[in-house]
Amino acid sequence: MSAVNRFLGDSPLRVLVKLIVISFLVGIVMSVMGWSPYDVIYGARDLVVNAYYMGFDAFGRFIDYFLVGAIIVVPAFFIIRLLSYRRG
């Protein structure tokens, strides 16, 4: 198997045909949904800009979610470990 085939996962011609078919199907779905390639590009740009503007607020929410989850997960972990230690 050549390096190109290993990289692509198949022969270049078969990969090209697969990409053409998948691109056509995705184009049909996007057309049905009323999306254009520009909608996808602008949506990705807006996602990055909004994430930048939220900045530390998003990080603060991450810490809040982590602490709320840890309140349940850490004691449950220790209880499960104690119960399995007593059996073993």
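**Figure 1. Salt bridges in the predicted model.** The count comes to three salt bridges in this predicted model. D10 takes part in a bridge with R14, where the N to O distance is 3.1 Å. D10 also pairs with K18, with the closest N and O atoms 3.2 Å apart. The side chains of R45 and D46 form a salt bridge as well, at 3.2 Å from N to O.

Figure 2. Is D10 buried or exposed? D10 counts as buried because its relative accessibility is 19%, and buried means under 20%. R14, in contrast, is exposed, with a relative accessible area of 51%, while K18 counts as partly exposed at 44%. Leaving aside residues up to four places away in sequence, D10 touches N5, V15 and K18.

**Figure 3. Close-up of the R45 and D46 pair.** The side chains of R45 and D46 meet at 3.2 Å, N to O. R45 is partly exposed, its relative accessible area being 47%. D46 is also partly exposed, with a value of 35%.

Figure 4. Helix 2 has 22 residues and spans 31 Å from its first C-alpha to its last, close to the 32 Å expected at 1.5 Å a residue. A nonpolar patch on the surface is formed by L13, L16, V17, I20, V21, F24, L25, I28 and V32, which together have about 900 Å² of accessible area. In an α-helix there are 3.6 residues a turn, so residues three or four places apart point the same way. V32, one of the patch residues, is found in helix 2. V32 counts as exposed because its relative accessible area is 69%, and the exposed class begins over 50%. Just after helix 2, G34 takes a positive phi of about 80 degrees.

**Figure 5. Helix 3 and the glycine that follows.** Helix 3 covers residues 37-54, 18 residues in total. Its reach from first C-alpha to last is 26 Å, close to the 26 Å expected at 1.5 Å a residue.

Figure 6. Two aromatic pairs are found in a search of the whole structure. One of them, F77 with F78, is edge-to-face, with 5.5 Å centre to centre and 65 degrees between the planes. F77 is partly exposed at 47% relative accessibility, and F78 is partly exposed at 49%.

Technical notes: Residues numbered from 1 in each chain as written. Predicted model: local features only at pLDDT ≥ 70, side-chain atom pairs only at ≥ 80, totals over all residues. Heavy atoms only, no water. Buried < 20%, exposed > 50% of the residue type's maximum accessible area, 1.4 Å probe, protein only. Contact = heavy atoms within 4.5 Å. Patch = residues over 30% accessible without salt bridge, like charges linked within 9 Å, V, L, I, M, F, W, Y side chains within 5 Å. Areas by Shrake-Rupley, 256 points an atom, 1.4 Å probe, with all protein chains shown as cover. Salt bridge = Lys/Arg side-chain N within 4 Å of Asp/Glu carboxyl O. Helix = DSSP H or I, 4+ residues; strand = E, 2+ residues; numbered from the N terminus. Expected span 1.5 Å × (residues − 1). Phe/Tyr/Trp six-rings, centres within 6.5 Å; stacked < 30°, edge-to-face > 60°.
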